[in-house]
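Hello,

Here is the structure I said I would pass on. Please have it open while you read the notes below.

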Amino acid sequence: MRCLSLARALADDGANVFFLLRSHAAGLTRLIEGEGHSVRLLPDPDRLPDALAADGTAHVHWLPTTWQKDAEQTLEAIDRIGPVDWLIVDHYALDARWERMQRKRAPCILAIDDLADRNHDCDILLDQNLVLEMERRYRGLLPKTCKLLLGPRYALLRPEFAEQRKSLGGRSGKVSRIFVCYGGSDPSNETAKALAAIKRLSGNPLPVDVVVGLSNPHGSSVATMCEELPGAVLHRGADNIADLMGRADLAIGAGGVMCWERCCLGLPTLAVDIAPNQLDVLTALAAAGALVYLGSAASVTEDQMARSLEALLRDPARIRALGKGALALVDGEGLRRVCAELEAFRPRSAQF
């Protein structure tokens with residue numbers, strides 16, 4: 001999704017964008033082509049190669065073939081597309097070895113990463129996350145000439161968040177509406193835990209916007225909970241997230257790109273991590289006064305969430321402070337900044 005946001009912005013600047021996906025991700029083709037971009041599918045093998053186990057890359061099994069085979073197929077796909085100005089890679093199982101092979105066809109490479117756990121051979125590295133000691137994470141992992149774009153200043157948010165930010169009023173600290181979203185799939189059904197905590201609140205029921213992805217395996221049970229919770233509205237596969245966040249006074253959710261969407265709109269948040277790579281980001285956001293981090297979703301109970309939510313609702317001053325802390329981190333102009341960096345770095349033959 002962050003690549004799709006970047007593709008939209010580049011296309012607006014006149015670029016022709018091609019997505020290279022493996023065939024197991026073919027379900028995204030309609031979404032990407034609906035945005036006006038082209039898709040090339042790289043075929044998956046019938047069986048996983050035995051060489052994967054000895055590869056050494058932390059997320060090697062996220063790629064259904066060897067990095068060498070993937071690199072060869074990528075080169076073949078680029079040959080069919082024709083000359084390219086930039087190759088943008090966003091995959092945790094690909095590293096400097098793969099990128100060096102792509103130098104045969106790609107004059108410039110942008111790597112998107114947020115793990116800092118492997119070497120890269122790229123011209124620009126983008127990590128839009130906020131992590132303590134951010135500047136040190138990639139030491140020894142990049143070429144000396146690589147330009148670093150680090151932090152939420154470069155968050156790849158859709159333009160509607162910057163637009164929604166312009167119409168924000170000042171937050172009083174009073175909560176009249178809650179926004180609940182844990183991303184597209186939410187396999188452990190943290191949405192249900194949040195709804196159960198809201199149901200336990202004393203006083204009159206608060207309106208709640210509940211967002212779940214179309215791939216959420218718990219959609220039916222969440223729908224039932226929303227029907228039983230006065231004021232709750234379920235949104236499946238919503239495409240108006242910025243509007244829903246703009247209406248809310250408090251959010252309950254997890255890490256990921258939605259952190260930067262909430263920050264852009266100054267939305268105070270109660271957060272849990274639903275994956276190990278969210279822990280450092282949420283810890284840093286809590287330290288910056290941008291959210292309340294409760295801990296890992298696996299260990300945070302419904303009772304703990306209910307008590308934390310009740311305490312926060314009784315503290316308007318803290319809610320106001322969280323909103324201000326969030327607003328200070330993200331201004332919604334990250335896409336513009338990244339596109340400007342690509343434009344400035346382009347070789348003379350670049351067409352955008």
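In these notes, Ala, Val, Leu, Ile, Met, Phe, Trp, Tyr, Cys and Pro count as nonpolar, Asp, Glu, Lys and Arg as charged, and the others, Gly among them, as polar. Please keep in mind that this is a predicted model.

Cavities

Two cavities of 30 Å³ or more were counted. The notes here are about the second largest cavity, which holds about 40 Å³ of space. Its lining is made up of Cys259, Arg262, Cys263, Leu267, Thr269, Leu285, Ala290, Leu291 and Ala326. Sorted by class, the lining of this cavity has seven nonpolar residues, one polar and one charged. Which helix gives the most to the lining of the second largest cavity? That is helix α9 (residues 258–264), with three residues.

Helix packing

Helix α6 (residues 190–199) and helix α11 (residues 302–313) have axes that come within 8 Å and cross at roughly 50°. Angles of 65 to 115 degrees count as roughly perpendicular and those under 35 as roughly parallel, so at this angle α6 is oblique to α11. The crossing of α6 with α11 is right-handed. On the α6 side, the contact is made by Lys193, Ala194, Ala196, Ala197 and Ile198. On the α11 side, the residues are Glu302, Met305, Ala306 and Leu309. By class, the contact of α6 with α11 has seven nonpolar residues, two charged and no polar ones.

Regards

Notes. Residues are numbered from 1 along each chain as its sequence is written. This is a predicted model: local features need pLDDT of at least 70, side-chain atom pairs count only at pLDDT 80 or more; totals for chains, interfaces and linings use all residues. Side-chain values use heavy atoms; hydrogens and water are left out. On a 1 Å grid over the protein atoms alone, a cavity is a set of points where a 1.4 Å probe fits but cannot get out, and a pocket is an open set with protein on both sides within 12 Å along at least five of seven lines; lining residues have an atom within 4 Å of a point. Grid points are joined across faces, edges and corners, and a volume is the space filled by probe spheres set on the points. Helices (H or I, at least four residues) and strands (E, at least two) are DSSP runs, numbered from the N terminus. Axes are lines fitted to C-alpha atoms, for helices over the stretch in contact, and angles run from 0 to 180 degrees between N-to-C directions. Angles under 35 degrees count as roughly parallel, over 145 as roughly antiparallel, 65 to 115 as roughly perpendicular and the rest as oblique. A crossing is left-handed if the near helix is turned anticlockwise from the far one by less than a right angle, and right-handed if clockwise. Contact means heavy atoms within 4.5 Å.
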